[in-house]
Amino acid sequence: MNADVTTWALPEGAIARLGRGIISSLEFSPDGKYLLVGTKIGLWWYELATMKPVALWETERGMLSALKFSSAGALLATGNSDGEIKIWDVQNHRCLAKMQRMGRFDRVTALVFSPDGQCLASSGGRYDAVYVWNIETGEQIAKFTVDEELKPRYRPPAIPLAFSPDGRTLIGGTPESTFSVWDIETGERRAHLTGHSALVIYLLLSPCGEFLTSVDWDGGLHKWEVDKLTTKDPQPLITSMPEATRLVLYTYSADGILLAAMASGATLTVWDVERSRKVATLTYKETVRRFHFSQTGSQLVIGGTDTIMQAWNIGDPAPQPPAIRGHHSVCGSVKFSPDGQTLAAGYWSGEVHLRDVQELKLQTTFRCESREAIRSIDFSPCGNKLAATSHDKIVRVWNLEEPKAPPAELTGHQASLFALAFSSKGDLLVSADANGV
């Protein structure tokens, strides 16, 4: 591909793409060379050493919601918001199989390969069913559903999955703070594990294959012996978690240490869970909104409010210098200036970007300090002012001749703003809110 990413894999008739899509999923390659970023427009491959994009896949439908490499890294599974799953030959960039579950389409939220790499399990955002697929043929091998009395009272964010080390059973989250163990060949549910006080959101198998860690929404953590999960009365080995918080990510390191990464504002802390010991702490340059462990637990990729992502080698004092930029939040409004030379775009992150139409280069960025969603923008007829609505009920007006000056703030609305427009003479500005005012 050429170096100009704005022209990669464009739809017919388009001349450029500004931005790289909202991030929905992240995955490190097992060899540690690449970071994969699933977005609403497709799958970006970034070289970790430089954080530069090297490829863009899956742009036909986009809307990627889940990614998973096989243990050796030769295969990649992708799932999207339609419920479609694809298996890719990574080296040859070739789709080997395609799966589509029947019934209601729903975004794929979890994917996991079996230990022998022959099967793939998937789950969606509902508790209708968990599926197991044959990778070579794309055929459904098994489908597991929950009992009627276990149907959830609300939609879960995701259904965690894990294969047993021998690949014969699948472990999956079930409603009402439980998880179950299913026999893949017979379809029988061999165990139904209770003990959590909130929805189970993580199921992690240790590298040695002897232990399973289950974590719930409130930070409650249980560690189980895998070979005792299907016995009459299995009991967890530990049930503790330091400084439990919901913004937590878990993984096992290559040497079997259970790690938890916790974000609080601009501080990111990595814990050795069982020893209740801090492994590393990072003070980031802004509020941490997104982070993801590498396969070995030795690295994290970190994203902040400005959608900038950097890699951090755990234990180093600071993230690696190269950064990924361009994955903006939802674009709420776009507008050309009256002379047609400038393009303005307002985002739900509270930013307005002004670009030169000819070169498409970013010229100026205006920010709402509250970072409230911008849903409408407009230029004054003479082109020297730019107005924007925001979710915090304030209309902001910037003087484009003094871009560093703070905006005028117009107040009075009692509900979130959705639309505004200058009059043809430019002497009036009308704004409308969610209450119809």
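Tutor: Happy to! One term before we start: strands here are DSSP runs of E, at least two residues long, numbered from the N terminus. Keep in mind too that this is a predicted model.

Student: Okay, so where is Ser206 found?
Tutor: Ser206 sits in the loop between β17 (200–205) and β18 (211–216).

Student: Is Ser206 buried or exposed?
Tutor: Ser206 has a relative accessible area of 6%, so it counts as buried; the cut-off for buried is under 20%.

Student: And what is Ser206 in contact with, leaving aside its neighbours within four places in sequence?
Tutor: With those neighbours set aside, Ser206 touches Phe211 and Tyr252. There is also a polar side-chain atom of Ser206 that lies 3.5 Å from the backbone nitrogen of Glu210.

Student: You mentioned Phe211. What lies over the face of its ring?
Tutor: That's Lys223, at 4.2 Å from the ring centre of Phe211. Elsewhere, Arg20 has its charged end over the ring of Trp44, 5.6 Å from the centre.

Student: Switching to aromatics: how many aromatic pairs does a search of the whole structure find?
Tutor: The search turns up eleven aromatic pairs.

Student: Why does Trp45 count as buried?
Tutor: Because its relative accessibility is 6%. Phe69 counts as buried as well, at 6% relative accessibility.

Student: Which residues form one aromatic cluster?
Tutor: Tyr34, Trp45, Trp57, Phe69 and Trp88 make up one cluster.

Student: Last topic, the sheet. In what order do the four strands come?
Tutor: The order is β1-β2-β3-β4, in an open sheet with antiparallel pairing. At the edges are β1 (23–28) and β4, each pairing on one side only. From one strand to the next, the twist averages 25 degrees.

Student: How many bridges join β1 to β2?
Tutor: Five bridges connect β1 with strand β2 (residues 34–39), and the two run antiparallel. As an example, Leu26 has Val37 in β2 as its bridge partner.

Technical notes:
Residues numbered from 1 in each chain as written. Predicted model: local features only at pLDDT ≥ 70, side-chain atom pairs only at ≥ 80, totals over all residues. Heavy atoms only, no water. Phe/Tyr/Trp six-rings, centres within 6.5 Å; stacked < 30°, edge-to-face > 60°. Buried < 20%, exposed > 50% of the residue type's maximum accessible area, 1.4 Å probe, protein only. Lys NZ or Arg CZ within 6 Å of the ring centre and 35° of its normal. Polar contact = N/O pair within 3.5 Å; in protein donor to acceptor, adjacent residues only side chain to side chain. Contact = heavy atoms within 4.5 Å. Pairing = 2+ DSSP bridges. Axes fitted to C-alpha atoms, helices over the stretch in contact; angles between N-to-C directions.
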